[in-house]
Amino acid sequence: MSVGVDTKHDSAVAHVTGESIFIDDRPALRGELFVGIVGAPIASGTLLGVDTNQALKHPDCVAVYTAKDLAHKKWGPVMHDQPILVEKEIGHMGEPVALIASKRRESVEAIIKLVKVKTKSTPAIFTIQEAKQKGSILYKAQTPFVQGNFDKAFQNAPLKIRGTFSCGGQEHFYMESQAAVAYPLENGQIEVHSSSQHPSETQRVVAEALGLRLNQVVCIVKRMGGGFGGKESQAAPIAAYAGLVAAKQNRAARCILTKDQDMKMTGKRHPFENEYEVGFDHDGKILALKVMLQSDGGAYLDLSASILERAMFHMDGIYYLENVHIDGVCYKTNNHSNTAFRGFGGPQGTMTMECIMEEIAQVLKKDAAQIRKVNLYQNDKVRTPYGQLVENNMLPAIYQQLIKSSDYKKRLKEITQFNKKRTGIVRGISITGTKFGIAFTARFLNQGNALVNLHLDGTVQVSTGATEMGQGVNTKIQQVVAYDLGLNLNQVQVMPTSTEKNHNTSPTAASSGADINCAAALEASQKIKARLTALAKEIFAGKNPSALEEFQVGEGMLDEKIVFKDGKITDVKTKKSLALLDVIKTAYFNRISMGAYAFFKTKNLGFDKATVQGRAFNYYTQGMAVSEVSIDEYTGEVKVLRSDILMDLGRPLNPGIDRGQVIGAFVQAQGWVTTENLYYDKERHLVSHSPTTYKIPNVQDIPRILKVDFIENNDVKNNVFGSKAVGEPPFLLGSSVWTAVKHALSFRAGEKLVEITSPATSEVVLRELIKLKS
């Protein structure tokens, strides 16, 4: 049994022994060049010229390239508005202006400093409020999500709150920075090895930049040292830089960013400032809600439109809103172009809702968990603000089980009593949830393909469009194919992702990598299985295919009475068995194909943005978390004492890997809402551009007690083997740490509302304490 069990990650041993090959581990070829990027010295203005004279005098400098050397000047995953290299207008600090090609890696930084960039500054916009005042907009939601009658319900509501929820950006902080190596081949072809979540996008951008056709560029992704969305679109220009130098010099070229360069240059999670008006009754039931979501897209569109829309889709969180109006706008600023990050706007929407829940509880002086229960989606007959039914709704069951298993009520009483003692420490506890829609909201992206080859020794090679970034998608594909063909795991090898084997692929994103690519691999495997089934049935019937001159089975059909297991094919009715290896050899000698290509598309999807009708998501991954924190009232330091997480993952393909994803997502989110603050100077240089100044959670920051469990759910019908996606949904549960901070501060607030931003750093918490006590 290879599905539904704890199987080790296919690269686990190689990772811990240091044998895993990442981009910069590839041996340098003779004459290989190292590519450096010259960034703009201002955040907004005009490029007047690039003086390369001193740089070209450096003994290791081979060439300097600018926008004039590109066949196509701009790129973008949705709209081609972002310069590959600045030609005229500068959009943000550090924006790539020129490339240098060096004989030695050690000389790259010195050569970059010799390139003189001449510019003329213009007034810059750095905040959402500045952009709002100046009407600087990248994208506005096509149609607001409207349900019921907000105006009437809000007017009649006995209690009202108006407020703003603000959250900052977040650095992806993948362990392997943006990286690519390009190799020139014969006939003008280029082979690019990239740390990319989207090989097809990388292939396209490289081809366009170099003036090549797509069939002249192959992009290969063995693995990434982390991605989290940061390599969904923004890996592509890095590959184009390596490709340009390789093509121009006809030599291998390597572009590897340092951690400092990567953090300064690349986009982050989108900051949001969400304004809301909420009307509610004395039980805490929300009667009316109006929200305007406002994001900072940065200088260019990138994926900001889809991120804003997913924030709108997840604004309801886990709560039914009878009268609601949700709108959104993405503003254009002179910050780096913000991009995809785990959750893709969902956390910024859902966290706004959880903030509102805490504030309602504070106004009513009631337990926030009870307020959440009153507003929870109670069944699968009610619709979201965008008209989709919450099918297979596990939220009430998750709430009931988690409240009990976490001892929430007992701990709340203990916390209340503890805070009365005024020891200099104040504690808080909170429960929040996730109802994360699984599918790309752009319907055309919900597709994938797979190639499965069964060899004569009974081993299998599988190629798909999925990219492995540590999340275990290759392991799950390996498990699915091994299970289907009745093989051991070590008989199935998932190959590096390559655009010459799997074309027109979607990014490994939206938590759908395993869903789409496991389904495609399973379908390809079953094509082979059907042919072997037909052959085996002929043999079971007494025929001797090896004695025949020709034996054709066509595509065959699957038969539940013919079972592939433990290297055997068995007729469960007659109990007859054949060794799979013997059937494979018989198939080969009878010229029966044992390779198959399959295409998969997620069914029953289709959302009309104009009418706000249709089915945006295939299903929802659901879960909740209870977190308890303590705050030092003298320093503002936050410690997470305990977190209990309960997830609905259907029937997990690999519970061990999924558990790791839940923990990783939660802790990453905890960092976003507590310690990860992006600091900029007045000119918009990123100051916190290294591990010494940007604080991601370390082992001492994770909850002192951390419990993760899965609720049983055998009713998932529309995904591979009844499983559910896990990559992004648990990230939204990190909000429980922030709301627990908000709850703790409420014990010192009196009649005031606690108004903190995210991340709730020590400084933010201490300032709020001072304000509340004054």
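**Entry 1: Leu99**

I started with Leu99, which I found in strand β7, residues 96-102. I'm working from a predicted model, so I keep that in mind throughout. Is Leu99 buried or exposed? I looked up its relative accessible area and got 0%. Buried means under 20%, so Leu99 counts as buried.

Next I wanted to know which residues touch Leu99, leaving aside neighbours within four places in sequence. I got Val35, Gly36, Ile37, Ala63, Val64, Tyr65, Leu85, Tyr241 and Leu244.

I also checked how far Leu99 sits from Ile631. Along the chain they are 532 residues apart, and their C-alpha atoms are separated by 48 Å.

**Entry 2: the domains**

Then I looked up how the chain is divided. The domain assignment gives domain 1 as 28-123 + 172-265, domain 2 as 272-441 + 609-773, and domain 3 as 447-601. I checked domain 1 against domain 3, and their C-alpha centres lie 40 Å apart. They do make contact: 18 residues come from domain 1 and 16 residues from domain 3.

**Entry 3: a three-strand sheet with β2**

I looked at an open sheet of three strands and noted its order as β6-β2-β8, with antiparallel pairing.

Strand β2, residues 45-51, pairs with β6 in the antiparallel sense over two bridges. There I found Thr46 standing opposite Glu89 in β6.

**Entry 4: β30 and its partners**

I went to strand β30, residues 619-632, and found it mostly covered, with 13 of its 14 residues buried. What does β30 pair with, and over how many bridges? One partner is strand β19, residues 425-438, antiparallel over 14 bridges. Another is strand β31, residues 638-648, joined to β30 by ten bridges and also antiparallel.

I wrote down a few facing residues. Val426 stands opposite Ile631 in β30. Ile631, the residue I had compared with Leu99, also stands opposite Val638 in β31. Val629 stands opposite Val640 in β31.

**Entry 5: β31 and β32**

I stayed with β31 and asked how many of its residues are buried. Eight of the eleven are, so β31 is largely enclosed by the rest of the structure. On to its link with β32: six bridges join the two strands, and this time they run parallel. Arg642 stands opposite Ile705 in β32.

**Entry 6: Ser690**

I found Ser690 in the loop between α17 (655-674) and β32 (705-710). Its relative accessible area is 9%, so I put Ser690 down as buried. Leaving aside neighbours within four places in sequence, Ser690 is in contact with Asp260 and Met263.

I found a second open sheet, with three strands in the order β24-β25-β26 and antiparallel pairing. Its edge strands are β24 (562-565) and β26 (577-579), each pairing on one side only. Ignoring direction, neighbouring strands here are turned by 20 degrees against each other on average.

Which helix packs on this sheet? I found α15 there, touching β24, β25 and β26, and its direction makes about 115 degrees with that of β24.

Inside the sheet, three bridges join strand β25, residues 568-571, to β26, and the two run antiparallel. The bridge partner of Lys568 in β26 is Ala579.

**Entry 7: α15 against α16**

Last, I looked at two packed helices. Helix α15 (residues 513-540) and helix α16 (residues 580-589) pack at an angle of about 100 degrees, with their axes 10 Å apart. That angle is why I call α15 and α16 roughly perpendicular to each other.

Which residues make the contact? From α15 I listed Leu532, Leu535 and Ile539, and from α16 Leu580, Val583, Thr586 and Ala587. Sorted by class, the contact has six nonpolar, one polar and no charged residues.

How values were computed: Residues are numbered from 1 along each chain as its sequence is written. This is a predicted model: local features need pLDDT of at least 70, side-chain atom pairs count only at pLDDT 80 or more; totals for chains, interfaces and linings use all residues. Side-chain values use heavy atoms; hydrogens and water are left out. Helices (H or I, at least four residues) and strands (E, at least two) are DSSP runs, numbered from the N terminus. Buried means under 20% relative accessible area, exposed over 50%, partly exposed in between (1.4 Å probe, protein chains only). Contact means heavy atoms within 4.5 Å. Axes are lines fitted to C-alpha atoms, for helices over the stretch in contact, and angles run from 0 to 180 degrees between N-to-C directions. Angles under 35 degrees count as roughly parallel, over 145 as roughly antiparallel, 65 to 115 as roughly perpendicular and the rest as oblique. Ala, Val, Leu, Ile, Met, Phe, Trp, Tyr, Cys and Pro count as nonpolar, Asp, Glu, Lys and Arg as charged, and the others, Gly among them, as polar. Two strands pair if DSSP finds at least two bridges between them. Domain bounds come from an automatic or database domain assignment.
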